[in-house]
Amino acid sequence: MTPRGRTNQLLYHAQLLLDTAWTDDEHTDARRMAHEEGALATLELALNAALRELTEHAQLSRHDWRELLADQGPALAGVVQLRELARREDSWLDRLLARLESLHDVEGASRRRAGGSGMIASASGMALSDELDACIAAFKAQLDQLRETSEEW
């Protein structure tokens with residue numbers, strides 16, 4: 001599989017996890033939380049795959065988003081654009097990275113629904129699954145732009 005194919009596959013898998021329907025029973029919250037955190041973990045893999053894809057010409061030894069998007073990361077065009085986007089408050093990448101940090105925290109990223117409200121909100125005021133859906137859509141659009149500008153002429 002090509003690096004581009006792997007990135008696309010992981011984004012598709014994350015979307016499938018979020019789109020899964022389940023029955024309403026005593027395990028509904030646990031299933032929802034598992035799907036949200038599974039989608040988030042898959043999005044982390046997709047971010048690393050996208051960075052590998054965008055930097056394959058640089059022959060980097062590592063492609064971890066924490067290293068590449070850090071201030072001291074490489075000065076490669078696509079990486080710099082993503083680094084700037086990550087710094088922009090409330091951008092899709094800023095929100096995704098915040099959720100990834102919480103995923104690796106003891107508390108996790110997904111929460112049980114409060115009472116009978118039928119919805120759990122993240123820091124942005126959206127349900128985590130809705131926030132991840134929005135991140136996936138924006139990720140795909142950004143990736144299309146980055147791919148277009150990184151093509152060799």
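Student: At what angle do the axes of helix α1 and helix α2 cross, and how are such axes defined?

Tutor: This is a predicted model, in which local features need pLDDT of at least 70, side-chain atom pairs count only at pLDDT 80 or more, and totals for chains, interfaces and linings use all residues. Residues are numbered from 1 along each chain as its sequence is written, and side-chain values use heavy atoms, with hydrogens and water left out. The axes of α1 (residues 3-19) and α2 (residues 28-55) cross at roughly 165° and come within 8 Å. Axes are lines fitted to C-alpha atoms, for helices over the stretch in contact, and angles run from 0 to 180 degrees between N-to-C directions.

Student: Why are α1 and α2 called roughly antiparallel?

Tutor: Angles under 35 degrees count as roughly parallel, over 145 as roughly antiparallel, 65 to 115 as roughly perpendicular and the rest as oblique. The angle here is roughly 165°, and α1 and α2 are therefore roughly antiparallel to each other.

Student: Which residues of α1 and α2 meet, and what counts as a contact?

Tutor: A contact means heavy atoms within 4.5 Å. Among the residues of α1 that meet α2 are L10, L11, A14, L17 and L18, and their counterparts in α2 include G38, A39, L43 and A46. The residues of this contact of α1 with α2 divide into 12 nonpolar, 5 polar and 4 charged. In this division Ala, Val, Leu, Ile, Met, Phe, Trp, Tyr, Cys and Pro count as nonpolar, Asp, Glu, Lys and Arg as charged, and the others, Gly among them, as polar.

Student: What makes E44 buried, and which residues does E44 touch?

Tutor: Buried means under 20% relative accessible area, exposed over 50%, and partly exposed in between (1.4 Å probe, protein chains only). E44 has a relative accessible area of 10%, so E44 is buried. This residue of helix α2 touches W65, R66, L100, L103 and H104, not counting residues up to four places away in sequence.

Student: Why is G38 called partly exposed?

Tutor: G38, also in helix α2, has a relative accessible area of 22% and is therefore partly exposed. The C-alpha atoms of G38 and L103 are separated by 9.7 Å, although the two residues are 65 apart along the chain.

Student: What is the relation of α2 to helix α5, and which residues make the contact?

Tutor: The axes of α2 and α5 (residues 92-103) come within 10 Å and cross at roughly 120°. The contact is made by E37, L40, A41, L43, E44 and L47 of α2 and L93, L96, L97, R99, L100 and L103 of α5. These residues of the contact of α2 with α5 divide into 9 nonpolar, no polar and 3 charged.

Student: Why are helix α4 and α5 called roughly perpendicular?

Tutor: The axes of α4 (residues 77-87) and α5 cross at roughly 75° and come within 6 Å; α4 and α5 are therefore roughly perpendicular to each other. In this pair, L82, L85 and A86 of α4 meet W92, L93, D94 and L97 of α5.

Student: How many helices and strands does the chain have, and how are they assigned?

Tutor: The chain has 6 helices and 0 strands. Helices (H or I, at least four residues) and strands (E, at least two) are DSSP runs, numbered from the N terminus. Of the 153 residues of the chain, 43% count as buried.
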